[in-house]
Amino acid sequence: MKFSVCIDSVFRDKNLSESLSLVKSSGFDAFEFWNWRNKDINLMAEEIKRLELSVATFCTDGGNLVDPELHNDFLQGLKESISVAKRLGCSTLITLTGNERSGIARERQIETVVTGLRLAAPIAEEAGITLLLEPLNTAVNHPGYLLSSSSEAFNLIEHVNSDHVKVLFDIYHQQITEGNLISSMLGNLQSIGHLHAAGCPGRHELQFGEIHYANVIQALRSAGYSNYFGLEFFPSAEPALGLEFVKGLMD
């Protein structure tokens, strides 16, 4: 299992160079972020080389999957995001469905997402990129978002039927939505391309809240999970507090 630090949450008050230096000095070799359009990609590429860091993942940009009229925008944004990913040596990209559309049957909206991902999959495959479809909780953080259930996400990508489309399982979001975390992950491990983690409730450090992350990480290790475990928490104190806790679980 590999670990990465989300600089847009853990180091949200720091500039890019400071954030990446802190990732490295905290004992981590990989990072991730959200929107590439608001980042200095030239500087990021220089800092990656200087600090010997890897980019675990970041988000695609443009359009959405739930509206068929925006699929072309989504595909164009995907191509642009892939270009950035290749420059940064990144092999996965996070994609979101978009919000639920009123007045349209849910089944039809899910079918539209499947169609969009089927269009995107050969583009990703040709580039050597894996798309990560992320369910989000709608009860606390993302009201109106289409996809909240991990089981629905796993079923959805099964219909897409591409090795280059997997699920980003966010442990924090799924604790709010459905619980049963370890069983859900281990039962679908081959379909999970990335994990996100934060304490729940609050989305703070992993040692705070109701999720026993030591058990979660041990179960994933024992099952052979080898992709990234992304730290996407919002510190309640100095970021070092949360990162030191995770380092203790890494040993």
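In the predicted model, Ala120 touches Phe74, Leu75, Leu78 and Leu131, leaving aside residues up to four places away in sequence. Ala120 is part of helix 5 and counts as buried, at 0% relative accessibility. Its C-alpha atom is separated by 8.6 Å from that of Phe74, a residue 46 positions away along the chain.

Helix 4 comprises residues 71–88, and its axis lies 10 Å from that of helix 5 at an angle of about 30°. Angles under 35 degrees count as roughly parallel, and helix 4 and helix 5 are therefore roughly parallel to each other. The crossing of helix 4 and helix 5 is right-handed. On the helix 4 side, the contact is made by His71, Phe74, Leu75, Leu78, Lys79, Ile82 and Lys86. These residues meet Thr112, Thr115, Gly116, Leu119, Ala120, Ile123, Ala124 and Ala127 of helix 5. Sorted by class, the contact of helix 4 with helix 5 contains nine nonpolar, four polar and two charged residues.

Helix 5 also packs against helix 6. The axes of helix 5 (residues 106–127) and helix 6 (residues 150–160) come within 9 Å and cross at roughly 50°, which makes helix 5 oblique to helix 6. This crossing, too, is right-handed. Helix 5 contributes Arg106, Ile110, Val113, Val114, Leu117 and Arg118 to the contact, and helix 6 contributes Glu152, Leu156, His159 and Val160. The contact of helix 5 with helix 6 has six nonpolar residues, one polar residue and three charged residues.

A further helix pair is formed by helix 2 (residues 16–25) and helix 3, whose axes are 10 Å apart and pack at an angle of about 25°. That angle makes helix 2 roughly parallel to helix 3. Helix 2 passes helix 3 in a right-handed crossing. Leu16, Ser17, Leu20, Ser21 and Lys24 of helix 2 meet Leu43, Met44, Glu47, Arg50 and Leu51 of helix 3. By class, five nonpolar, two polar and three charged residues make up the contact of helix 2 with helix 3.

Aromatic pairs were examined next. A pair of aromatic rings is described by the distance of the centres and the angle of the planes. With ring centres required to lie within 6.5 Å, the count comes to six aromatic pairs. One of these is formed by Phe3 and Phe229, with 5.3 Å centre to centre and 50° between the planes, and is tilted. Phe3 lies in strand 1 (residues 2–6) and Phe229 in strand 8 (residues 228–231), so the pair ties together parts that are 226 residues apart in sequence. Both Phe3 and Phe229 are buried. The rings of Trp34 and Phe234 form a tilted pair because their planes are at 40°, with centres 6.2 Å apart. Trp34 is located in the loop between strand 2 (30–32) and helix 3 (41–51), and Phe234 in the loop between strand 8 and helix 10 (239–250), so this pair ties together parts that are 200 residues apart in sequence. Trp34 counts as partly exposed at 30% relative accessibility, and Phe234 is partly exposed with a relative accessible area of 21%. Ring pairs also link Phe3, Tyr213 and Phe229 into a cluster.

Several backbone features remain to be described. Most residues other than glycine have a negative phi, and most peptide bonds are trans. The peptide bond from Cys200 to Pro201, however, is cis, with omega near 0°. Pro201 is found in the loop between strand 7 (192–197) and helix 9 (213–223). Glu52, a residue other than glycine, has a positive phi near 55°. Glu52 lies in the loop between helix 3 and strand 3 (54–59) and is exposed, with a relative accessible area of 63%. Asn161 likewise is not a glycine and has a positive phi, of about 60°. Asn161 is placed in the loop between helix 6 and strand 6 (165–170). With a relative accessible area of 66%, Asn161 is exposed.

Technical notes
Residues are numbered from 1 along each chain as its sequence is written. This is a predicted model: local features need pLDDT of at least 70, side-chain atom pairs count only at pLDDT 80 or more; totals for chains, interfaces and linings use all residues. Side-chain values use heavy atoms; hydrogens and water are left out. Axes are lines fitted to C-alpha atoms, for helices over the stretch in contact, and angles run from 0 to 180 degrees between N-to-C directions. Helices (H or I, at least four residues) and strands (E, at least two) are DSSP runs, numbered from the N terminus. Angles under 35 degrees count as roughly parallel, over 145 as roughly antiparallel, 65 to 115 as roughly perpendicular and the rest as oblique. A crossing is left-handed if the near helix is turned anticlockwise from the far one by less than a right angle, and right-handed if clockwise. Contact means heavy atoms within 4.5 Å. Ala, Val, Leu, Ile, Met, Phe, Trp, Tyr, Cys and Pro count as nonpolar, Asp, Glu, Lys and Arg as charged, and the others, Gly among them, as polar. Rings of Phe, Tyr and Trp (its six-membered ring) pair if their centres lie within 6.5 Å; planes under 30 degrees apart count as stacked, over 60 as edge-to-face and the rest as tilted. Buried means under 20% relative accessible area, exposed over 50%, partly exposed in between (1.4 Å probe, protein chains only).
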